[in-house]
Amino acid sequence: MRSVGAGVSALSVRGVFKSFGSGAVLADIDLTVGEGEIVSLLGPSGCGKSTLLRIVAGLEQADRGTVQIGPRDVSGLPPGARNVAMVFQSLALYPHLSGRQNISLPLRARRLTRLQRLLGPLRLWSSARSIEREIDAAVDDIAARLDIEGVIDRVPARLSGGQRQRVAIGRALVRDSRLLLLDEPLSSLDAKVRVQARDEIVQIQRAFGVACVFVTHDQGEALAISDHVAVMLGGRVAQFGTPAEIYRDPVSLAVARFVGTPTINVLDGAVDASGRVHAAGFVLDVRLGIPAGQKVSVAVRPEHVRIAAGQDESRPVLRVARIEDHGHDGLVHLAGRDGKAALLVARAGRALAFQPGDEVRVSIPAEDALYFSEDGSRLAGLPVAIAAYARG
Amino acid sequence: MTSARFARLARHFVLVGGAVLVLLPLLWAIRISFLPAEDVFSPQFRLLPSRWIGFENYARALTASPLLHFLANGVLVCVAIIVCQLLVAIPCAYVLAKARVPGLRLIWLAVLVALVVPPAALALPLFIMAAQAGLIDTYAGLILPWTVSPLGIFLLRQAFLRVPDEMIEAARLDGLGEGEILVRLLVPMISPAIGALVIISLVSHWNDLLWPSVVVTSGAKATPPFGVMLFQVQEIGSDYGPLLAGALMIAAPLLVLFVLAQRRFLDGMTWLGSK
Amino acid sequence: MPAAEVQVPRWRETVAGPYLMLAPAVLLLVVMILVPLALVAATAFTDWHLGGGPPQFVGFETFRTLLEDQDFQIAVWNTTRYVGLVVPATTLMGLAVALLIAECGRGQALYRMIFFLPSVATLAAMSVAWQMLLSPSVGAVPQVLRLLGFAPGNWLQDPHAALPALAMIGIWSEAGFAMLFFLAGLKTVPHELVEAIALDGRGSVVDRLWHVTLPHLAPVTVFVLVFSSIHALRVFDTVAIITRGGPEKATLVALYFIYQEAFSLFRTNLAAAATVLFIAVVLALSLVQLYVMRLGRSR
């Protein structure tokens, strides 16, 4: 985990708990977002990620715990006082105001008093006039940077989806706040547009350098753009780490299962007398340091499943049940010799080389597999060679 | 002629005929209002008056009774009622739609009960209360009972419910105060509903006869429909030409408004019906 | 890291705010509607007359007196007849006009406006116009009938014809609303059904009407029936201006009865009892209306 060091982090959540009538939604959430970082809150629907975001924004109140934005403890402050910027899933643009008016609203709310805002059109105060000029300049600047200056004076109904999104982002960024919150900003877009929009958001974030918390249920998205990912399952932060750590080094079976497309292969196995792991006909030479007879879940990513040529007797034989050809690579669904259910999914560069019904020998490299105990927690496995070395 | 053509012509024929029949009372009244007295009762049917008297009947109607005063009262009372209704209903509907405080269900129930009660049925108790409060024959007496509009609260609440919560949350995050959010963001967003309410209220209260005839005792505070009633008992009541001229002048403001703004009117009324 | 045990200091969402915004409406609702409602209900159970002594509780005595009162019975009968005349005719006229107008491409707006005009026109003023229209000495209708060879009677003075005459005025005044509601309903006729029927080879106007349009309009029709009934029950203006309950009580309707009892005869408790019954009937109809609206929306 990248060390935040001596600097103040953009966001620090400590010990947040939240229940709604029927049950606990968030339990013991600790989270830190460094300056200028993108952190994703990743999880299935109902895992509490949106609730957490709203608690950070101040739209919900946590039952326990604190929220700190920059150096300030904002737990007791209303949303308007936290200087947090948020882009909602529906964008929430004010339909009767132009893009310019939408974007300038937060600035007007902060820099002009209520009376000045009310009597604005009368242009009574010279100070108000100069503030308004400043605000207009700021809006123009943002509009230029977001490439919407040509359409900035239109109402949202007359803007395209992408333009609307940029107006929403502009409204969030114009305030120069430390923290930008995004609630599933891409989920309403089609797949093709989504990737492009995603890259745009990252570009904008880098350009403005604002710390960003991004809520999504799409793990591909989260892994692609984040500096850190908080995987949330069942109201808790299951794991917090870089995308690589989350993918390669999950702390629990649940996290391993949630991340990765296609889903990681999981085989039920057990430790034998000699300490090796047996699972579904595979023998894995690895020392887990747990007693014999204990159940173990062996998880292996599709890209690590090797379909071998040759007749190496030590490798089990499986039957090809189905091929998926994706063009650049493919998936091979493998079933037991006599069973129908797919046992493993392997990613193969040349999936077309195989036909359904083919019998092939399959191997799982022990060092690439992940091992989890019965309760789902991760077991550290030493490959035999190293173990032998350690012993010897 | 193709059958489609024939059907179209027949349709228009029927509709035009219907339109004439529907406008007949109005057209007949206009005709009589331009007739000199001797023509009114003449047994022969003539389309045009025997002599042209111009707006004599209208002038008589205006002088024989304080007609303009009635119209002015109508404007005053209606504007006051509508303004009050909006001031009362908008915040109430907003809270009912968006707030999460205790007691709202009870209040909503009260609104529904009030919605169902026919206003005419309250004339008697309201009269008693007005008498006790010394509000008989006053503008306050004409206006106060209608300052709360259960229909208005109902309609506006529906409209507020359709505003996504996220928009209000975004405004809060932007730092706007609650009052500002309501007035500068939400009210413009629900303006069709407000427009519909204004029209419905205007038509209903301008045309109301029952309550004014209960609470008003002198001509000074008479609203237009009650003014018509007063015509009848005055000398002008037997003088058909001026009588109808007066009646037409009383109906005219709303009719003119309707013709000019008929789109708004009809859309508002239809909107009401579809809710 | 141990969870913070400190309660989060909640920023106080002002509780006062919402209640302040509710206050005027709630106050007025109570004073202007709920209190009068309670008052009228209470008065119905006393013997109180306005200007008389303090009220005494008499239980259902007032209601009994009311039900036996001949004028009341006449009023109920008249009102029922009036509603029975106005509601079906209003609905049919509204439907017919709506069907005709909906087919017109151009001119729809104009026709809509003309046919809705009576509903906007001040009924009190138009009552005078109608009185003139029907008057045997001055009116167009009698003159036309005379031209055609009929001998027109003086309907508004005729105890048998007065109520139907008022009903005609009522239909004239209310049909516009029915038309609007039907027009709105016609806009939502699903195109696919019309196309399907045409493909089936039964695309004639009558077939379309019978199989698609009318069934689709069923909920709107029920709504219009109830809406018109509630409005028809509240007939007052025409009676007050033209017939004043006569001739010979032929047009004594519910609201006019209450008006007379309360403000001419000062039998306040009877008026209150009649009001209670009136409210009950309107309430029942309104509940039906709400129910139908809910059904219609869930379609």
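**Entry 1: chain C**

I looked up burial in chain C: 44% of its 299 residues count as buried. The model I am reading is a predicted one.

I then took the secondary structure of chain C and found twelve helices and zero strands.

Next I checked the overall dimensions. The radius of gyration of chain C is 26 Å, whereas a compact globule of 299 residues would have one near 19 Å. Along the principal axes, the C-alpha atoms of chain C fill a box of roughly 100 × 75 × 30 Å.

I also looked at contact separation in chain C. Of the contacts between residues at least 6 apart in sequence, 70% join residues at least 24 apart.

**Entry 2: chain C against chain B**

How many residues of chain C are in contact with chain B? I noted 68 residues of chain C, in contact with 74 residues of chain B. On the chain C side, helix α1 (residues 16-43) gives the largest share, with 16 residues. I sorted that side of chain C by class and got 58 nonpolar, six polar and four charged residues.

**Entry 3: chain B**

For chain B I looked up the domain division. Domain 1 of chain B covers 3-56 and domain 2 covers 65-233. I noted 38 Å between the C-alpha centres of domain 1 and domain 2 of chain B.

**Entry 4: chain A overall**

I turned to chain A and found ten helices and 23 strands. Chain A has 392 residues, and 41% of them count as buried. For contacts in chain A with a separation of 6 or more, I noted that 64% come from residues 24 or more positions apart.

**Entry 5: strand β1 of chain A**

Which strands pair with β1(A)? I followed β1(A), residues 11-20, and found β4(A), residues 64-69, paired with β1(A) in the antiparallel sense over five bridges. On this pairing I picked out A:Leu11, which stands opposite A:Ile69 in β4(A).

The other partner I noted is β2(A), residues 23-33, which runs antiparallel to β1(A) and is joined to β1(A) by seven bridges. Here I picked out A:Val16, whose bridge partner in β2(A) is A:Ile29.

Notes: Residues numbered from 1 in each chain as written. Chains lettered and ligands numbered in written order. Predicted model: local features only at pLDDT ≥ 70, side-chain atom pairs only at ≥ 80, totals over all residues. Helix = DSSP H or I, 4+ residues; strand = E, 2+ residues; numbered from the N terminus. Buried ≥ 20, exposed ≤ 12 C-beta atoms within 10 Å, placed from the backbone. Contact = placed C-beta atoms within 7 Å. Domains from an automatic or database assignment. Nonpolar A, V, L, I, M, F, W, Y, C, P; charged D, E, K, R; others polar. Pairing = 2+ DSSP bridges. Rg over C-alpha atoms; globule rule 2.2 N^0.38 Å.
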